[in-house]
Amino acid sequence: MQESDLWPYPCLWCRVTLLPDSIPISAVGCASMLAGEHLNETKIDLGGGQGEPDQSVPTPKGQPSSLEDRDPRGINAHLKVNFEDVIAEPDSVHSFDKVWIWSDALFEVSKLWCYRIISLIFAVPVSLISGLIFALLSCLHIWCVMPCIKNFVMNMPSIQTIWGSIVDLIISPCCESMGRCFSGINLHISRD
């Protein structure tokens, strides 16, 4: 490969097009990167489209594509972990700038690819099992639990009448009799 095949060369961080006379070919970024301006944020471009959804994945009618916002309700917002949330250097000690930049990049890349590999292995089986469980729970709720609750609510007035009669005929007289029997008992506590 000749040196002329590499130009124009984009900066790995800001995508500024570098010209042969602006930076040596052995460098990995633009002048602003060498000055330390790219230390705040590291973005990883995996070479995909420019945020365009994959046309091979069908989307349900009337719903936006779920490829852009995969957590629209923010139920997993607590899982957003960045490099700065895990590893931080105080002002008194700093590693080399290149070590910090590459550590950040390796952290983000390893986190992304490990998640992708693990989700490749587990996503389909867990989704299938979750779908079966939720289908079973929905079926039980729709066809068993709600009819039982409705039946109970419909029969409640007659059960209330029967229960009121049982309380008035059996339980109330027994409680009144026991109350009269025990009303004659008096306790006196004395100190010796």
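# Contacts, surface and confidence in a predicted chain

Of the contacts between residues at least 6 apart in sequence, 35% link residues at least 24 apart. A contact means heavy atoms within 4.5 Å. The model is predicted: local features need pLDDT of at least 70 and side-chain atom pairs pLDDT 80 or more, while totals for chains, interfaces and linings use all residues. Residues are numbered from 1 along each chain as its sequence is written, and side-chain values use heavy atoms, leaving out hydrogens and water.

**Layout and confidence**

The chain holds 3 helices and 2 strands. Read from the N terminus, the order is β-β-α-α-α. Helices (H or I, at least four residues) and strands (E, at least two) are DSSP runs, numbered from the N terminus.

Confidence is given as pLDDT, the predictor's own score for each residue, from 0 to 100. Its mean over the chain is 77, and 66% of the residues reach 70 or more. Helix H3 has the highest confidence, with a mean of 93, and helix H1 (residues 31-34) the lowest, with a mean of 51. Residues 22-29 have pLDDT below 50; this stretch still has 17 contacts in the model beyond near neighbours in sequence.

**Surface**

The accessible surface comes to about 16500 Å², and carbon and sulfur atoms supply 64% of that. Areas come from the Shrake-Rupley method with a 1.4 Å probe; for residues, only the protein chains shown count as cover. The chain has 192 residues, and 9% of them count as buried. Buried means under 20% relative accessible area, exposed over 50%, and partly exposed in between (1.4 Å probe, protein chains only).

Which residues make the nonpolar surface patch of about 790 Å²? They are Val 109, Trp 113, Ile 117, Ile 118, Leu 120, Ile 121, Phe 122 and Val 126. Patch residues have over 30% relative accessible area and no salt bridge; like charges are joined within 9 Å, and nonpolar side chains (Val, Leu, Ile, Met, Phe, Trp, Tyr) within 5 Å. Leu 120 sits in helix H3 (residues 97-183).

| Residue | Relative accessible area | Class |
|---|---|---|
| Leu 120 | 69% | exposed |
| His 94 | 57% | exposed |
| Lys 111 | 35% | partly exposed |
| Glu 108 | 16% | buried |

**Glu 108 and its partners**

There is 1 salt bridge in the structure. The term means a side-chain nitrogen of Lys or Arg within 4 Å of a carboxyl oxygen of Asp or Glu. Lys 111 pairs with Glu 108, and their closest N and O atoms are 3.6 Å apart. Both residues lie in helix H3, 3 residues apart, about one turn of the helix.

A polar atom of its side chain lies 3.4 Å from the backbone nitrogen of Phe 83. This is a polar contact: a pair of N or O atoms within 3.5 Å; within protein, one must be able to donate a hydrogen and the other to accept it, and residues adjacent in sequence count only if both atoms are side-chain atoms.

His 94 is in the loop between helix H2 (83-86) and H3. A polar atom of the His 94 side chain is 3.5 Å from the backbone oxygen of Pro 90.
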